[in-house]
Amino acid sequence: MNTYNLLWQRILAELELTFSEETFSEVFSQLSTVHKFANDHVYVLAPSEFIKNRISRLYLSKINDLALKLHGSPIRFKFVTESEIVPEETLISPERNLSLKYRPGNLNATYTFDNFVVGKSNMFAFRMAMKVADQPGAVANPLYIFGDVGLGKTHLMQAIGNYILDQDINKKVLYVKADGFIEDFANLLKREQMDDFNAKYRDIDILLVDDIQIMGGATKTQMEFFKLFDVLYGQNKQIVITSDKPASELKNIMTRLTSRFEVGLTVDIQVPDLEHRIEILKRKLQSESSDIHDIPNEVLDFIASSFVTNIRELEGALKRVLFYCLTNNLDMTIESANEALEPLLKTKRKSDSLNENNYDKIQSIVSDFYQITLEDLIGKKRHSKYILPRHIAMYIIKTKYNIPYKTIGSLFGDRDHSTVLAACEKIDNDLKQDPSLRLAVDTINKKIDTFNKK
Ligand code: ADP
Ligand code: MG
């Protein structure tokens with residue numbers, strides 16, 4: 001019996017213990033066959049549409065919870081009826097799959113729209129991704145998603161793939177990282193198996209190419225990808241691309257391709273604001289398989305304020321705090337979170353900052369620029385003539401050295417981290433609308449850079 005069949009039998013055994021005899025025999029007793037495993041889903045054959053719907057509506061989350069518990073890693077179940085299954089011969093033949101290392105299970109089922117937390121920074125990207133998933137090939141082709149590392153590009157892209165497969169299990173969704181594409185192309189070219197290459201990449205419905213910028217140096221691969229793009233595009237097959245830069249910035253490394261990317265729709269993902277980061281932490285807490293589902297708000301706030309630019313790091317920090325408090329039997333407080341995160345924060349500080357004295361220097365450059373005293377810059381006076389320079393100094397220190405808000409607060413007369421955070425976000429916002437502020441900040445930054453070079 002294969003692993004998934006075995007897993008299903010174990011789940012059935014648990015369900016039998018959970019439900020009454022009547023429910024069990026009515027709903028679950030005829031579900032013995034696992035049809036296949038693909039895309040991180042185990043497909044089980046349901047005897048009728050009625051049973052399929054009933055299970056999907058009422059029991060699926062229970063089944064998936066049991067699967068996680070028994071299997072140890074996330075795996076999802078899906079129920080299908082005989083009529084939904086296309087005979088295997090019409091799909092890519094199995095031998096071919098093997099020789100090509102074609103893994104239809106190349107999507108990670110945990111990346112879904114449901115668990116993608118939406119905020120200002122990713123709202124548009126999210127909406128467009130949903131539209132594309134709803135009507136592949138029809139609304140925006142290609143969809144080009146760009147943003148810095150760790151902000152959710154891969155998650156969103158795979159959510160599109162998972163959603164499409166949820167609607168129709170026979171859709172062929174191919175996810176590749178651009179380096180995987182380069183490797184496949186080089187291998188098959190060497191072995192003169194271009195037919196196989198084309199079979200793998202052209203006989204699909206949806207192509208998801210992650211981190212396209214990696215293809216920058218590979219001109220031959222780019223030409224092949226260009227051909228592939230045109231073939232798929234011509235057949236209205238949906239293409240989704242991610243990158244760390246907008247297409248316009250890739251022009252010098254992939255000229256021909258960027259013009260293709262620009263025919264579709266470009267969306268970007270920005271750094272989430274504090275509120276959004278806290279929401280992400282809350283959602284991760286709910287899904288964590290640990291016993292702790294509740295952390296005091298101030299601790300969440302502390303974590304979210306310390307990890308700003310990368311959601312992967314933010315998640316990592318949360319896990320670290322949970323683990324630290326659990327194993328050391330500590331209450332969740334800012335102090336214990338700080339202890340847990342100290343090693344991470346220390347390396348962050350080291351790599352980001354030069355030395356403490358530079359903070360003093362930034363403060364004095366800013367106060368010189370605005371012709372106020374250092375004392376007033378740091379002090380408590382609430383006159384606007386002091387507040388703006390104070391906020392600018394905080395903002396510059398944050399952007400240059402990325403130290404925790406709390407630490408910055410300590411440089412400004414022990415202000416608390418939420419004050420500093422609010423100041424930084426305000427300046428960040430105002431800069432977008434106020435050219436004279438932009439000019440001032442640029443000038444100050446130049447002065448600081450000149451000083452640092454000395
Ligand atoms: P990228 O591809 O942009 O480098 P990823 O998609 O790999 O980033 O995201 C990094 C991590 O952060 C993943 O674990 C992902 O699930 C998580 N993540 C990113 N954005 C969100 C979001 N909006 N909501 C929930 N989790 C997110
Ligand atoms: Mg990625």
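**Entry 1. The chain as a whole**

Among contacts in the chain between residues at least 6 apart in sequence, what percentage join residues at least 24 apart? I found that 72% of them do, where contact means heavy atoms within 4.5 Å. I note that this is a predicted model, in which local features need pLDDT of at least 70 and side-chain atom pairs count only at pLDDT 80 or more, while totals for chains, interfaces and linings use all residues. Residues are numbered from 1 along each chain as its sequence is written, chains are lettered from A and ligands numbered from 1 in the order in which they are written, and side-chain values use heavy atoms, with hydrogens and water left out.

I recorded 21 helices and eight strands in the chain. Helices (H or I, at least four residues) and strands (E, at least two) are DSSP runs, numbered from the N terminus. The C-alpha trace spans about 80 × 60 × 35 Å along its principal axes. Of the 454 residues in the chain, 48% are buried; buried means under 20% relative accessible area, exposed over 50%, and partly exposed in between (1.4 Å probe, protein chains only). The chain exposes about 23000 Å², and carbon and sulfur atoms supply 50% of that area. Accessible areas come from the Shrake-Rupley method with a 1.4 Å probe; for residues, only the protein chains shown count as cover.

**Entry 2. A sheet of three strands**

I next looked up an open sheet, which three strands form in the order β1-β2-β3 with mixed pairing. β1 (34–38) and β3 (76–81) stand at the edges with a single partner strand each, so one side of each has no neighbour in the sheet. From one strand to the next, the twist averages 25°. Axes are lines fitted to C-alpha atoms, for helices over the stretch in contact, and angles run from 0 to 180 degrees between N-to-C directions.

I reminded myself that strands of a sheet pair through backbone hydrogen bonds, either parallel or antiparallel. Two strands count as paired if DSSP finds at least two bridges between them. β1 and β2 pair in the antiparallel sense over four bridges, and they form a hairpin with two residues between them. Asn-39, in the turn, has a positive phi of about 50°. On the other pairing, six bridges join β2 (residues 41–46) to β3, and these two strands run parallel.

Which residues stand opposite Tyr-43? I found Lys-36 as its bridge partner and Lys-78 opposite it in β3. Val-42 stands opposite Phe-77 in β3.

**Entry 3. The surroundings of ligand 1**

How many residues surround ligand 1? I noted 17, the closest being Val-117, Gly-150, Thr-154, His-155 and Arg-312; a residue is near a molecule or strand if one of its heavy atoms lies within 4 Å of it. α7 and α14 (311–327) each supply at least two residues of this shell.

I then looked up polar distances to ligand 1. A polar side-chain atom of Asn-122 lies 3.3 Å from a nitrogen atom of the ligand, and a polar side-chain atom of Lys-284 lies 3.1 Å from a nitrogen atom of the ligand. For Glu-315, an N or O atom in the side chain is 3.0 Å from an oxygen atom of ligand 1. Taken alone, ligand 1 exposes 550 Å², and the protein buries 94% of that.

**Entry 4. Two single residues**

Is Lys-172 buried or exposed? I found Lys-172 to be buried, with a relative accessible area of 14%. Lys-172 lies in the loop between α7 (153–167) and β5 (173–177). A polar contact of 3.1 Å joins its side chain to that of Asp-203; such a contact is a pair of N or O atoms within 3.5 Å, and within protein one must be able to donate a hydrogen and the other to accept it, while residues adjacent in sequence count only if both atoms are side-chain atoms.

Thr-23 belongs to helix α2 (residues 21–28) and is buried, with a relative accessible area of 19%. The side chains of Thr-23 and Ser-20 are joined by a polar contact of 2.9 Å. Leaving out residues up to four places away in sequence, Thr-23 touches Phe-28 and Tyr-59.
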